[in-house]
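Subject: Structure handover

Hi,

Here is the structure I promised to pass on. Please open it and keep it on screen while you read the notes below.

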Amino acid sequence: LALFNNPNKGNCAACHSSARGADGSAPLFTDFSYDNLGVPRNARIPATRDPAYFDLGLCGPDRTDLVARIDLCGAFKVPTLRNVATRKVFFHNGTFTNLTDVVRFYVTRDTNPERWYPVNADGTVDKFDDLPPALRANVNTTEVPYNRRPGMAPALNEAEIADLVQFLGTLTDGYTH
């Protein structure tokens with residue numbers, strides 16, 4: 001929980017609030033906002049075989065009421081982390097299949113982008129490849145842990161990632177599908 005809440009480490013509570021409600025209710029581990037994380041493209045989805053196809057979240061293709069809000073393109077709802085350890089896929093496109101890789105992605109997306117995104121023929125990384133280039137500036141790159149650059153240390157080391165994943169497992173409440 002300390003790593004989860006620490007604004008200089010996981011900073012998870014910035015979007016997945018761990019505070020009790022005003023009425024004393026248990027935390028929901030979401031702030032119900034939307035965020036653009038630049039999640040890697042999932043080649044297992046048939047639609048993404050078309051390089052012109054992009055799921056832009058609040059901007060479509062399924063939703064059209066906010067298509068004019070270019071600043072929201074690529075943003076998806078911040079989910080609750082209750083029962084997160086029971087999920088089989090993660091993020092809007094299911095690109096990750098285990099919680100450890102999700103946490104690793106969060107903390108190394110910007111320090112080691114080549115780990116998550118394709119590398120172009122010229123050696124550059126095609127970072128935020130599941131968004132059209134014109135919308136890649138919408139990705140959250142200012143908050144910890146996304147404020148890092150290549151060559152910097154990730155906000156969490158491997159032991160801290162493992163500790164955070166163990167903590168997330170404690171949010172399982174016995175709910176079954």
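Start with one definition: helices (H or I, at least four residues) and strands (E, at least two) are DSSP runs, numbered from the N terminus. Keep in mind that this is a predicted model.

**Ala13**

Is Ala13 buried, exposed or partly exposed? Its relative accessibility is 23%, so Ala13 counts as partly exposed. Buried would need a value under 20%. Leave aside neighbours within four places in sequence, and Ala13 is in contact with Phe4, Asn5 and Ser18. Now find Val125. Ala13 and Val125 are 112 residues apart in sequence. In space, their C-alpha atoms are 29 Å apart.

**The cysteines**

How many disulfides does the structure hold? There is 1. Cys59 and Cys73 form it, with their sulfur atoms 2.3 Å apart. In general, a disulfide is a covalent bond between the sulfur atoms of two cysteines. The torsion about the S-S bond of Cys59 and Cys73 is about -95°, so this disulfide is left-handed. Both cysteines sit in the loop between β1 (34–35) and β2 (76–77), so the bond ties together parts that are 14 residues apart in sequence. Cys59 and Cys73 are both buried.

Cys12 and Cys15 are another matter. Cys15 is in no disulfide, and its nearest cysteine sulfur is that of Cys12, 9.2 Å away. Cys12 has a relative accessibility of 17%, so it counts as buried. Cys15 has 13%, so it counts as buried too.

**Helix α3**

Next, go to residues 158–169. This is α3, with 12 residues. From its first C-alpha to its last, α3 reaches 17 Å, close to the 16 Å expected at 1.5 Å a residue. Look at the start of α3. A side-chain oxygen of Asn157 reaches to within 3.0 Å of the backbone nitrogen of Ala159.

Which residues of α3 are buried? They are Glu160, Ile161, Leu164, Val165, Phe167 and Leu168. Why do they lie on the same side of α3? They cover an arc of only 160° around the axis, which puts them on one side together. What covers the buried residues of α3 includes α1 (2–5) and α2 (99–108).

**Helix α2**

α2 is mostly covered, with 7 of its 10 residues buried. The buried ones are Leu99, Val102, Val103, Arg104, Phe105, Val107 and Thr108. Part of their cover comes from α3. Asn98 caps the N-terminal end of α2. A side-chain oxygen of Asn98 lies 3.2 Å from the backbone nitrogen of Thr100.

**The core**

The largest nonpolar core has 35 residues. Phe4 and Leu168 have the most contacts inside this core. The elements that give it two or more residues are α1, α2 and α3. In soluble globular proteins, nonpolar side chains tend to be buried together. Click on Leu168 to see its neighbours. Beyond four places in sequence, Leu168 touches Phe4, Leu81, Val84, Ala85, Leu99 and Val103.

**The loop between α2 and α3**

Two residues in this loop deserve a look. One is Asn140, which lies between α2 and α3. Asn140 has a relative accessible area of 9%, so it is buried. A polar contact of 2.6 Å joins its side chain to that of Glu143. Not counting residues up to four places away in sequence, Asn140 touches Asp35, Asn36, Arg109 and Tyr146.

The other is Arg136, in the loop between α2 and α3. A polar atom of the Arg136 side chain lies 2.9 Å from the backbone oxygen of Leu131. With residues up to four places away set aside, Arg136 touches Asp126, Lys127, Phe128, Asp129 and Leu131.

Best wishes

Notes:
Residues numbered from 1 in each chain as written. Predicted model: local features only at pLDDT ≥ 70, side-chain atom pairs only at ≥ 80, totals over all residues. Heavy atoms only, no water. Disulfide = S-S within 2.5 Å. Buried < 20%, exposed > 50% of the residue type's maximum accessible area, 1.4 Å probe, protein only. Expected span 1.5 Å × (residues − 1). Arc of directions from axis to C-beta. Contact = heavy atoms within 4.5 Å. Polar contact = N/O pair within 3.5 Å; in protein donor to acceptor, adjacent residues only side chain to side chain. Core = buried A, V, L, I, M, F, W, Y, C linked by side-chain atoms within 4.5 Å.
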